[in-house]
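Please look over the sequence and the fold before reading on.

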Amino acid sequence: MDSAPQGVLLINLGTPDAPETGPVRRYLREFLSDPRVLDIPPVGRAALLYGAILPFRPQRSAEQYRKIWMPQGSPLLVYGNALRDRLQDALGPGWVVELGMRYGIPSLASALEKLTVVPLYPQYASSSTGSSLEKVYRLVGEAWNVEALRVLPPFYDRPAFLDAFADVGRPVLAESRPDQVLFSFHGLPERQVKKSDPTGKHCLASVDCCDVQVPANRWCYRMQCFFTARELANRLGLEAGKWTVTFQSRLGRTPWIRPYTDVVIPELAGKGVKRLAVFCPAFVADCLETLEEIGIRAKNQFLSVGGEVLTLVPSLNAHPSWVRGLTQMIRHLRGDEPLSDAAA
């Protein structure tokens, strides 16, 4: 190992500075101006952003953020800082760990001197992993002396990630005793999934296109989500028919990948499901999409259509199993140690 400190940059999507309309508007403007997020022509993107989204959505989103805001700040930032600190402890004094956000503060530019890059997105999407890495590469490329980067690949299939999520979820399921388990992932527009298919013939071309991994769907976010769900269901001992994959957080009228979480929830209640547990395995830290969208809105929806209990399974946050697994993946990436059989 080099005598100089080894650097790790953890990247997450970002969060407003405060749960108020002004900071939320600034955050949404930066986020939705990204052509990898709203991947439509610039004129249409500007019209949608400034004509339909920014005049109305910031106030509504600020109200949602206020429901989940913690005394220390945004949950995503609080849990991100906790993971940074625990990871620093686990890696030891020869390492420097920093947290950077793709949008907002702390910025990527403020953390880019320490360089093993760890995008905290389990499944690959151009609008999350792709956008974050594009900005990292651009910022690094602005220097006269361009640093070499090591980047942790998407870890949707890595036992270190899957085992940690199972460790978090197992006691929650034992206590909540759900009739059904929902694996709710962040959604994407269908067009973005199709753009990830180099053949243009596989993704979303059949109902079972995500059941197996083939070269055509190597970059397919939906396939990676289904893989994660199957592996978690296996680790948790869930019977076939007792778990479901859905997608949340869609925006606008364009088709997004299905099935939709807010459509499936009343369907499950209609089939007699009274106790529902929800995992959100597209997120490694609790945030607006987990705490408010699922923990509050989805829960209220489920109760309003006859459900009795909806339990949100916490995200990985700074759970010891996740710190241990992430530490091992980082050390393996740097060539310091092999992965064990439990986190290969």
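What follows describes the overall build and some salt bridges.

This is a predicted model, in which local features need pLDDT of at least 70 and side-chain atom pairs count only at pLDDT 80 or more, while totals for chains, interfaces and linings use all residues. Residues are numbered from 1 along each chain as its sequence is written, and side-chain values use heavy atoms, with hydrogens and water left out.

**Overall build**

- The protein has 11 helices and eight strands, where helices (H or I, at least four residues) and strands (E, at least two) are DSSP runs numbered from the N terminus.
- Of the 344 residues, 51% count as buried, meaning under 20% relative accessible area with a 1.4 Å probe and protein chains only, whereas exposed means over 50% and partly exposed lies in between.

**Salt bridges**

- There are 13 salt bridges, each being a side-chain nitrogen of Lys or Arg within 4 Å of a carboxyl oxygen of Asp or Glu.
- Arg36 pairs with Glu134, with their closest N and O atoms 3.0 Å apart; this pair links distant parts of the chain, since Arg36 lies in the loop between α1 (21-32) and α2 (42-53) and Glu134 in helix α5 (residues 126-141), 98 residues apart.
- Arg170 and Asp167 form a salt bridge at 3.2 Å between the closest N and O atoms, and both lie in helix α6 (residues 159-176), three residues apart, about one turn of the helix.
- Arg297 and Glu292 meet in a salt bridge of 2.9 Å, N to O; Arg297 is partly exposed at 40% relative accessibility, whereas Glu292 is buried at 1%.
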